[in-house]
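I wanted notes on one model, taken pocket and helix packing in turn. The entries follow the order in which I looked things up.

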Amino acid sequence: MSVFSLSGRIKSFVYAFAGIGFMLRTQHNAWLHAVASVGVVGVGLWLRVTPADWRWLIVAMAMVWVAETFNTAVEHVCDVVSPGYSESVKRAKDIAAGAVLLCAFAAVLIGGFTLWPYLRSIG
């Protein structure tokens, strides 16, 4: 078992940020998620969403980001393990992408249900 060290923890954060950076550099959908996240935060601030409702919005955004991050990891590992075409690798990538789609759909529903009362009160 390794001993706890502050430098080891700092390295872990550096590696994690490097992974997020890799995802942002290589995945076009991550940029769509970034735009959507900025949009949700902007609308939430504009509507003065309550802290209780921010929790839902943050969970929804985090859910999509986590799914996209895992999808990127699956795609990268699949490309390294099987650089040529493989039906099984295609299925694994499709399933991982499907997980992102499911999370994004759920996030849209959560965002809609959370923000609708605020938007309705404006009109």
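Predicted model: local features only at pLDDT ≥ 70, side-chain atom pairs only at ≥ 80, totals over all residues.

I found 15 residues in its lining, with Ala 36, Val 40, Val 64, Ala 107 and Val 108 lying nearest the centre of the pocket. H2, helix H3 (51–81) and H4 are the elements that each give two or more residues to that lining. I noted a volume of about 260 Å³ for the largest pocket. I then sorted its lining by class: twelve residues are nonpolar, three are polar and none is charged.

Next I looked up how the helices pack. Two packed helices are described by the angle between their axes and the distance between the axes.

For helix H2 (residues 28–47) and helix H4 (residues 87–122) I have an angle of about 20 degrees and axes 11 Å apart. H2 and H4 are therefore roughly parallel to each other, as angles under 35 degrees count as such. I recorded the crossing of H2 and H4 as left-handed.

I listed the residues in this contact. H2 brings His 33, Val 43, Trp 46 and Leu 47, and these meet Val 100, Leu 115, Tyr 118, Leu 119 and Ile 122 of H4. By class, the H2 contact with H4 has eight nonpolar residues, one polar and no charged.

In the contact of H3 with H4 I have 21 nonpolar, three polar and five charged residues.

Key
Residues numbered from 1 in each chain as written. Heavy atoms only, no water. Axes fitted to C-alpha atoms, helices over the stretch in contact; angles between N-to-C directions. Helix = DSSP H or I, 4+ residues; strand = E, 2+ residues; numbered from the N terminus. Parallel < 35°, antiparallel > 145°, perpendicular 65-115°, else oblique. Left-handed = near helix turned anticlockwise from the far one by under 90°. Contact = heavy atoms within 4.5 Å. Nonpolar A, V, L, I, M, F, W, Y, C, P; charged D, E, K, R; others polar. 1 Å grid on protein atoms, 1.4 Å probe; cavity = no way out; pocket = protein on both sides within 12 Å on 5 of 7 lines; lining within 4 Å. Points joined across faces, edges and corners; volume = space filled by probe spheres on them.
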